[in-house]
Amino acid sequence: MATASEFVLYDYWRSSACYRVRIALNLKGMEYQIKPVHLLDNGGEQHAAEHHARNPLETVPVLMVGRRAIRQSMAIIEYLEETQPRPPLLPPAPRERAQARALAQLIACDVHPLGNLRVTQQLERQFGADQAAREAWMRHWMGLGLRAFEEILVADDARGMFCSGDAPGIADICLVPQVYNALRHQLDLEPFPTIRAIYDHCMAEPEFQAARPENQPGAA
């Protein structure tokens with residue numbers, strides 16, 4: 001197991017996936033170093049040979065633990081949960097654990113990828129989508145996903161101040177960056193009062209504040 005000083009996060013300040021990992025590392029009380037990979041400068045630093053060797057998909061985040069690269073935000077979060085079990089990011093009971101993972105994956109698998117930078121860039125390159133069309137595309141998919149997330153939360157008797165009780169966990173880790181994106185792209189959050197309340201609880205926590213995009217190296 002690597003010591004805390006050996007954790008290096010290759011990160012882009014505005015990436016939702018990186019934002020998730022920063023929150024998780026902070027909640028676990030981990031010390032880590034950030035090395036920025038700017039997704040727009042120089043044609044996208046993620047396409048450089050050095051980063052390709054680190055992650056052949058040419059995406060961030062990548063967490064280096066010693067010499068071992070761990071890729072994909074959800075895999076990184078699960079790794080942290082397995083190797084640094086306190087405080088837990090998953091509830092103790094199997095049903096609640098499954099529910100928390102389902103909420104997290106609703107964001108990470110079903111919503112976030114459709115608004116990812118490389119997807120919106122391809123919409124522009126291949127289909128000529130202008131900025132207004134790309135914004136409408138992102139708001140459409142974010143709205144559908146957050147509506148489903150809200151309905152699931154409202155029906156879940158395990159919900160507390162946070163998605164899975166009264167301590168932040170994996171679902172909150174995924175929700176907060178998505179709400180950040182929704183606010184950035186001016187999606188109306190009025191229909192989602194439960195999400196808004198949980199977001200406010202999360203942003204009152206120092207670990208979430210420290211992970212905010214604006215507080216990261218390389219932030220514009």
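**Loops, helices and a pocket**

User: Where is R67 found?
Analyst: Helices (H or I, at least four residues) and strands (E, at least two) are DSSP runs, numbered from the N terminus. Strand β3 covers 62–65, and β4 covers 68–71. R67 is found in the loop between β3 and β4.

User: What kind of model is this?
Analyst: Residues are numbered from 1 along each chain as its sequence is written, and side-chain values use heavy atoms, without hydrogens or water. Local features need pLDDT of at least 70, side-chain atom pairs count only at pLDDT 80 or more, and totals for chains, interfaces and linings use all residues, since this is a predicted model.

User: Is R67 buried or exposed?
Analyst: Burial is judged by relative accessible area, using a 1.4 Å probe and protein chains only: buried is under 20%, exposed is over 50%, and partly exposed is in between. R67 has a relative accessible area of 86%, so R67 is exposed.

User: Which residues does L57 contact, leaving aside neighbours within four places in sequence?
Analyst: L57 is in the loop between α2 (49–54) and β3. Its relative accessible area is 41%, so L57 is partly exposed. Contact means heavy atoms within 4.5 Å. With those neighbours left aside, the contacts of L57 are Q72 and R118.

User: What is the phi of Q72?
Analyst: Q72 lies in the loop between β4 and α3. At 47% relative accessibility, Q72 counts as partly exposed. Q72 is not a glycine, although it has a positive phi of about 75°.

User: Where is N42, which has a positive phi without being a glycine?
Analyst: The phi of N42 is about 55°. N42 is exposed because its relative accessible area is 72%. Its place is in the loop between β2 (33–36) and α2.

User: What is omega for the cis peptide bond between R86 and P87?
Analyst: P87 lies in the loop between α3 and α4. The peptide bond from R86 to P87 is cis, with omega near -5°.

User: Which residue does V60 join through a cis peptide bond?
Analyst: Omega for this bond is about 5°.

User: Which side chain makes a polar contact with the side chain of E81?
Analyst: E81 is in helix α3. At 11% relative accessibility, E81 counts as buried. A polar contact is a pair of N or O atoms within 3.5 Å; within protein, one must be able to donate a hydrogen and the other to accept it, and residues adjacent in sequence count only if both atoms are side-chain atoms. At 2.7 Å, the partner of E81 is K28.

User: Which elements do the buried residues of α3 pack against?
Analyst: The buried residues of α3 are S73, M74, I76, I77, Y79, L80 and E81. They pack against β1 (7–11), α1, β3, β4, α4 and α7.

User: How many disulfides does the structure hold?
Analyst: A disulfide is a pair of cysteine sulfur atoms within 2.5 Å. The sulfur of C202 is 6.6 Å from the closest cysteine sulfur, in C163, so they are too far apart for a bond. The number of disulfides in the structure is zero.

User: Which residues does N181 touch, not counting those up to four places away in sequence?
Analyst: N181 is found in helix α7 (residues 170–184). Its relative accessible area is 11%, so N181 is buried. With those residues not counted, N181 touches S16 and M142.

User: Which residues of the lining lie nearest the centre of the largest pocket?
Analyst: On a 1 Å grid over the protein atoms alone, a pocket is an open set of points where a 1.4 Å probe fits, with protein on both sides within 12 Å along at least five of seven lines; lining residues have an atom within 4 Å of a point. The largest pocket is lined by 42 residues. Nearest its centre lie H112, G115, N116, L117 and R118.

User: Which atom of R118 does a side-chain oxygen of N116 reach?
Analyst: Look at the start of helix α5 (residues 117–127). There the oxygen of N116 comes to within 3.2 Å of R118. The atom reached is the backbone nitrogen.
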